[in-house]
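Thanks, everyone. Please bring up the sequence and the structure, and we will walk through them together.

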Amino acid sequence: MDTGLFILRIVTGLLITGHGVQKVTFRLGGAGLAGGTEEFRRDGFRGGRLTALAAGAGQIGSGLFLAAGLLTPLAAMAAAGVMTVAVTVKWRHGLWVQNDGYEYPLLLVVVAGALAFTGPGSAAADQVLGLDPWPVWVSAAAFVIGPVSGLLVRVLLHRGTVAEGAATGARPAA
């Protein structure tokens, strides 16, 4: 079980990190901070550079912490939050990724939530620091707060409403 958790944690954490790196740099096929800012603008978000920086930093930080198994429930909460925002952006395209759907970000939300409950396994910083196992209430709170915070970000920073975009399939005017 520990080997499986180690592999899952490393791969998931590094993929989320890479997603964030793309938002703010030209690495890994990213379009730099200007490109990340434009992506959020096209998707109807307020905040410009600050929004792109916050999303990129959230993905990079939560991904690295997940990969290291450090503060695992909190890292899972942050990862689930930023990837929930991605789910809301892709929602109107349906589930499947070949149609630019939300399949992939949803999978990352679920894996992050599962890691919050299972813990990072024995080869993790949480183990070295004596933090694991986390109390169940911490994992449960992380599992709920992560996605809820992502939905709140969507509501607060989006120029339209989630219901508008889902109902009409249209993007709000820039």
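Start with Lys 23. Lys 23 is buried, because its relative accessible area is 7%, and the cut-off for buried is under 20%. Keep in mind that this is a predicted model.

What does the side chain of Lys 23 meet in a salt bridge? The partner is Glu 39, at 3.6 Å from N to O. This pair links distant parts of the chain. Lys 23 belongs to helix H1, residues 2-24. Glu 39 belongs to helix H2, residues 32-42. They are 16 residues apart. Glu 39 is partly exposed, with a relative accessible area of 28%.

How many salt bridges does the structure hold? Three. Let's take the others.

Stay in helix H2. The side chains of Glu 38 and Arg 41 meet in a salt bridge there, at 2.5 Å from N to O. These two residues are three apart, about one turn of the helix. Glu 38 is partly exposed at 29% relative accessible area. Arg 41 is partly exposed too, at 34%.

Now move to Lys 90 and Asp 100. Their closest N and O atoms are 2.6 Å apart, in a salt bridge. Lys 90 sits in helix H4, residues 72-90, and Asp 100 sits in the loop between H4 and H5, so this pair ties together parts 10 residues apart in sequence. Lys 90 counts as partly exposed, at 24% relative accessibility. Asp 100 also counts as partly exposed, at 36%.

Next, Thr 51. Look in helix H3, residues 48-68. Is Thr 51 buried or exposed? Buried, because its relative accessible area is 9%, against a cut-off of under 20%. Its side chain reaches the backbone oxygen of Arg 46 at 2.6 Å. Now set aside the neighbours within four places in sequence. Thr 51 is then in contact with Phe 40, Phe 45, Arg 46 and Leu 157.

Leu 157 takes us to helix H7, which covers residues 136-157. H7 has 22 residues. From first C-alpha to last, H7 reaches 31 Å. That is close to the 32 Å expected at 1.5 Å a residue.

H7 has buried residues: Val 138, Ser 139, Ala 142, Gly 146, Gly 150 and Arg 154.

Where is Phe 117 found? In helix H5, residues 103-118.

Last stop, back in helix H1. Thr 3 is found there. Thr 3 is exposed, because its relative accessible area is 56%, and exposed means over 50%. Now find Ala 123. Along the chain, Thr 3 and Ala 123 are 120 residues apart. Their C-alpha atoms are separated by 8.4 Å.

To recap, the structure holds three salt bridges. Thr 51 is buried in helix H3. Thank you.

Terms used
Residues numbered from 1 in each chain as written. Predicted model: local features only at pLDDT ≥ 70, side-chain atom pairs only at ≥ 80, totals over all residues. Heavy atoms only, no water. Helix = DSSP H or I, 4+ residues; strand = E, 2+ residues; numbered from the N terminus. Expected span 1.5 Å × (residues − 1). Buried < 20%, exposed > 50% of the residue type's maximum accessible area, 1.4 Å probe, protein only. Polar contact = N/O pair within 3.5 Å; in protein donor to acceptor, adjacent residues only side chain to side chain. Contact = heavy atoms within 4.5 Å. Salt bridge = Lys/Arg side-chain N within 4 Å of Asp/Glu carboxyl O.
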